[in-house]
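This report describes a single protein chain from its overall dimensions down to a few selected residues.

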Amino acid sequence: MGESSEILVSEPSGVKDELSMEIDPPFKENLATAEDWRKALQKVVPAVVVLRTTGCRAFDTESACASYATGFVVDKSRGIILTNRHVVKPGPVVAEAMFVNREEIPVHPIYRDPVHDFGFFRYDPAAIQFLSYEEIPLAPDAACVGLEIRVVGNDSGEKVSILAGTLARLDRDAPHYKKDGYNDFNTFYMQAASGTKGGSSGSPVIDWQGRAVALNAGSKSSSASAFFLPLERVVRALNFLQKGRNSFQDKWEAVTILRGTLQATFLHKGFDETRRLGLQSETEQLVRHASPLSETGMLVVDSVVPGGPAHKQLEPGDVLVRMNKEVVTQFLKMESLLDDSVGQNVELELERGGKPFTVQLTVQDLHSITPNYFLEVSGAVIHPLSYQQARNFRFQCGLIYVSEPGYMLYRAGVPRHAIIKKFAGEEISHLEDFIRVLSTLSRGARVPLEYISYTDRHRRKSVLVTMDRHEWYPAPEIYTRNDDSGLWIGKPALPDVSKQSVNGVISMETSLKTEPHDQDESDCGVKKRRVSEDGNMVDNYEDPRSQEDAVLTDPHGSVAEREIEPTLVMFEVFVPTSCMLDGVHSQHFFGTGVVIHHSEDMGLVAVDKNTVAISASDIMLSFAAFPVEIPGEVVFLHPVHNYALVAYDPSALGPAGASAVRAAQLLPEPALRRGESVYLVGLSRSLQATSRKSVVTNPFAALNISSADSPRYRATNMEVIELDTDFGSSFSGVLTDEQGRVKAIWGSFSTQLKYGANSSEDHQFVRGIPIYSISQILEKIISGAKGQPLFINGIKRPMPLVRILEVELYPTLLSKARSFGLSDHWIQVLVKQDPVRRQVLRVKGCLAGSKAENLLTQGDMVLAINKKPVMCFRDVEEACQALNLCDDMEGKLELTVFRQGIEIDVLVGTDVRDGNGTMRVINWCGCFLQDPHPAVRALGFLPDEGHGVYVTRWSHGSPVHRYGLYALQWIVEVNGKPTPNLEAFVNVTKEIENGEFVRLKTVHLNGKPRVLTLKQDLHYWPTWELRFDPDTAMWQRKTIKSL
């Protein structure tokens, strides 16, 4: 099997499944001896290959994946390998074959049958230098019930497995694998209890003479039953390929194999069943007389694809009697007639409920309804609907089908398997229509899209698609299959691939600004969109003043709620798959933020980092004060505290919106105390303000969040506020006093709950984040900071730098500290400093690569900084900030620590960090490379060989997927050359050409080194980088190396 998903799922039980021994042809006694089998296997095994395949893109019935399977040589001189269709795959595939002596050669697809589960790879026979082998002859006529067989292949990942069995049935229905994936039909299958599992797809089913009598295709996961494809149609296709190959000795050229279809599925039903369907007894006698004595039934229509040749002509339950005047009761005869009549009419004689009728149908070319091209845009794969999926979903072939939604469509809520019907107001019937509309849209444009899905086929759904503002993905491309080379060739889909710029001065386009698809706005009103009852987008004009009054004069709720509601903002955040950095654990986040600054040229919103986790995000802001949705951009991510600052363009709100929205009044002092009453105010998903009065139960609860399996941001060195009652773990907002002045953000924190050694689950909780740090950063942004300038709404503003002690601390009660030997003198000093907390800070660990590393050790008690006693995390922060006010350029703190019973003074350096987050990512062979982010460094380990090339994620169907270069490790060497940083890595990999093998040395997070080889594929996986440009506030994409 190609992978576990190909294993047959349990089918509905029925009588036909219970009767697994039906004697069809005469039983042939098996006289083979053990010596005969040994000789046969000695001849067969060298011709069986292990296929390592990579589906580079999701396409049609298959998703992007890497898998193992089996194939076998059927023509040695021409280099042809037979395997399953689901191994060859209908879309882009890169594959290698490994022979029994471990010689590996590249193979290229030359044919995959549109319906039946077989396909062919080709290889260069001259590439096999050290193995003597012979092709395996195909003998479809040798199959019979009771025949002893062997299945030779890569079963369950083993290179060579030989499984024994006996053919039990030759007329089993084609297995049904899944309702939205590949299924075979209009053929019989053979069945045997050989117990094949994943990896054995494409294995030859051989007899004692070493002939292949069938092709292993699937199995039943709940039993030992295996299903084999008969070889009659395989032999026909192979003959076509062999005739074509005789003509082209030097270069392989595509061979046309005619396949015909009526777009109807037939099943073989027993005569008793056909009589119940109304078959006349005279017709049954005629059929029995014209058929062999072993015939047990007739072909009955099971389903008809809409829009096909048989649509409205045939119906389920119709019994086929004759085709072109010949009695047809077997799939093989029917398919032979159809394949020989492509483009011509065939005459079908059928009975429907006992009434005979005749129809003339045109045989359609099966390849014409099997797509051989696709559009790739923003990570999405879109192509015409194939016959396979049209049959599964009962849609017409050729509709615009979403095989993979990617980022842009996922962000809009368009699922996989959707059928696009309308885009930007235009009906879409062909892929060319979609591309034409796409070419008219600029970056950041928001347009409606209508689609249907097979799960809810009778209703259209309307969503809003936002064109990517940043260059998250390359320009749209059309990939077309080339059977000469076995590759899919990409070319630009849009006529002009020059950048559709979004000027940073103009800033963020919104639904309120005039787009090419919008009508002109009126000066007297604000245009807003609503969805009408029929699902269409309708534009209405309303007086903005009446709307403003309606929002701000709500008589309900507390004073605090009324004061704070105009400052609240609902966030919807999407992270593109091409930029999931820093271990971010999801693509989609919701949360509530609060406006902390609102002027003519800049608005700033504060929100927790479990809503805005990284800077590489698309953020949409919905304001409680005014019904408008506009984009935001991350301008500051605090390196320690759990908050981010997001900027928006106030002019995008319009005059009425800009006057309705206002900034909250921040009240950092005095700090909240235990027992103090506060108001918890936030927004529901429907933008309704919700509040309650609560009591502070613990104003300085220390967080202790353990590292996740894949390291990501976790709040450390923070004291948070706990309340007696709240609205649950998904409700965020602010804590205010009675006048509505903000004392804290009620923010969401991410953690991971672990169950046992191998299972874990993401979890979130909410706590109060004191406003003092946000207030300090805001003041620096407004008054002018010392950091790198950032382009915000057309103005370059210097951003703050944060000096921190990169040490993870945790509090210990003084009573515990006394047991560790801390003196009474220090206990009295610390109690006097803070009679409430009664704690001392201990070192949990230093961040790797920090200036504090190796100076402080785990378990150190921090008693004082610069001779001033410290009790809490804020004391440490204030000591770091004090260094910015003095002339100490070295930025060192004198720490008094208690270590293993001894009090010592240590001079420890501090680190200066910005609030930009990770600003660069490189994608090489499908893995995402970045500098190690703080959550990785917090584990306390960086490789000595070099630690600047950290694998944070990988892509399905890529070379790193095939060869096993997964996340959570550093690449420290490429072909023996050190790669201490991203620049060095780029310089080394630039010299490596397409198809070359690369030797990599990696070091895992656990410190374990490893060496592996990987084959570079620049055709489907070029090397590129995304980098944030602070001068334009845009993420820009650059191709480093491609074909």
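The model is predicted: local features need pLDDT of at least 70, side-chain atom pairs count only at pLDDT 80 or more, and totals for chains, interfaces and linings use all residues. Residues are numbered from 1 along each chain as its sequence is written, and side-chain values use heavy atoms, with hydrogens and water left out.

**Whole chain**

The chain contains 20 helices and 62 strands; these are DSSP runs numbered from the N terminus, with helices being H or I of at least four residues and strands being E of at least two. Its radius of gyration is 34 Å, close to the 31 Å that the globule rule gives for 1043 residues, so the chain is as compact as a globular protein of that length. The radius is taken over C-alpha atoms, and the rule is 2.2 Å times the number of residues to the power 0.38. The C-alpha trace spans about 105 × 70 × 50 Å along its principal axes.

Of the 1043 residues, 58% count as buried, where buried means under 20% relative accessible area, exposed over 50%, and partly exposed in between (1.4 Å probe, protein chains only). Among contacts (heavy atoms within 4.5 Å) between residues at least 6 apart in sequence, 67% join residues at least 24 apart.

**Nonpolar cores**

A nonpolar core is a set of buried Ala, Val, Leu, Ile, Met, Phe, Trp, Tyr and Cys residues joined through side-chain atoms within 4.5 Å. The largest has 89 residues, of which Phe571, Val612, Phe623 and Leu645 touch the most other members. Strand S32 provides the largest share of this core, six residues. A second, separate core of 52 residues includes Ala32, Val87, Tyr177 and Val234.

Beyond its neighbours within four places in sequence, Leu645 has contacts that include Ile596, Val605, Phe636 and Ile774.

**Strand S35**

Six of the six residues of S35 (residues 618-623) are buried, so the strand is largely enclosed by the rest of the structure. In a regular strand the side chains alternate between the two faces of the sheet. In S35, Asp618, Met620 and Ser622 point one way, while Ile619, Leu621 and Phe623 point the other way.

Strand S32 (residues 568-574) runs antiparallel to S35 and is joined to it by six bridges; two strands pair if DSSP finds at least two bridges between them. Glu572 has Met620 as its bridge partner in S35. S35 also pairs with strand S36 (residues 629-637) in the antiparallel sense, over four bridges, and Leu621 has Ile630 as its bridge partner in S36. A hairpin of five residues links S35 to S36.

Asn793 lies in the loop between strands S44 (789-792) and S45 (795-798), and His1019 is in the loop between strands S60 (1009-1015) and S61 (1023-1029). The table gives their relative accessible areas.

| Residue | Relative accessible area |
|---|---|
| Asn793 | 14% |
| His1019 | 18% |

The side chain of Asn793 reaches the backbone oxygen of Tyr648 at 2.9 Å. For His1019, a polar atom of the side chain lies 2.6 Å from the backbone oxygen of Trp488. Leaving aside neighbours within four places in sequence, His1019 is in contact with Leu487, Trp488, Ile489, Asn994 and Leu1043.

Key: Polar contact = N/O pair within 3.5 Å; in protein donor to acceptor, adjacent residues only side chain to side chain.
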